[in-house]
Amino acid sequence: MVRFLVSILLGAAVTFGLFSFMAFLIASGDRAQEEQLENIVVEVNTTPPKSAAETRRRVPPPPPPPPKTPPKPQAPEPEANNNQGGIEFNMPGVQLAGANTGLSAPGAGFGRDGEATPIVRIEPKYPIQAARDGKEGWVRLSFTINEIGGVEDVKVIEAEPKRIFDKEAKRALRKWKYKPKVVDGKPQKQPGLTVQLDFKMDGGR
């Protein structure tokens, strides 16, 4: 009986000692953590550290050069005669009211009354194939001079040989310029005029 009591008391004393030791260890660990937390220093730096990178400013591009002044247009050169390769054109006067008229000075005005007079005559081109074949001929044309001196309503009346020189003769006649007929100080349209364009080689004269 005595042994039993002694065992119980001894066990209780050992258990109490163990609990006390564990409580001491826990208390000392918490204190060490608190000391470590107290030693932590938090630094707040509001100024950013200086960077070694250089700040590059954007330089605006130079202004574009002023546009160059366009060259002044040159006056068109007068159309040259097409007498090449030994080819000759017979350019007779135009039949105006039964009379042949010659060339008048360019730029003549409309102030005085008078018949139409030619100012600019363009010689027709000699067709290449006709020149190679040595063909000659003529084309008789009818046309109208309008109120501003231009040529219109060009038609072939007769040609020899046919359809060889028609195209070039009509093309050249449309480029002719006239001082129009003036009646009472006003330019008049003059239809029903005729002209003959001859196509001849040098050797055929």
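## An aromatic cluster

In this predicted model, ring pairs join Y126, F165 and F199 into a cluster. The structure holds five aromatic pairs. For F165 and F199, the ring centres are 4.4 Å apart and the planes meet at 20°; because planes under 30 degrees apart count as stacked, this pair is stacked. F165 lies in the loop between β6 (151-160) and α3, whereas F199 belongs to strand β10 (residues 190-201), so the pair ties together parts that are 34 residues apart in sequence.

## D166 in helix α3

D166 is found in helix α3. Is this residue buried or exposed, and which side chain of opposite charge is nearest? D166 is buried yet forms no salt bridge, and the nearest side chain of opposite charge, that of R163, is 6.6 Å away. A salt bridge would require a distance within 4 Å.

Leaving aside residues up to four places away in sequence, D166 touches V139, V156 and A159.

## A172 in helix α3

A172 is also placed in helix α3, which covers residues 166-174. Its relative accessibility is 4%, so A172 counts as buried.

Which residues does A172 touch, when those up to four places away in sequence are not counted? They are I122, E123 and P124. A172 and I122 are 50 residues apart in sequence, but their C-alpha atoms are 5.6 Å apart in space.

Terms used
Residues numbered from 1 in each chain as written. Predicted model: local features only at pLDDT ≥ 70, side-chain atom pairs only at ≥ 80, totals over all residues. Heavy atoms only, no water. Helix = DSSP H or I, 4+ residues; strand = E, 2+ residues; numbered from the N terminus. Buried < 20%, exposed > 50% of the residue type's maximum accessible area, 1.4 Å probe, protein only. Contact = heavy atoms within 4.5 Å. Lys, Arg positive; Asp, Glu negative; His and termini not counted. Phe/Tyr/Trp six-rings, centres within 6.5 Å; stacked < 30°, edge-to-face > 60°.
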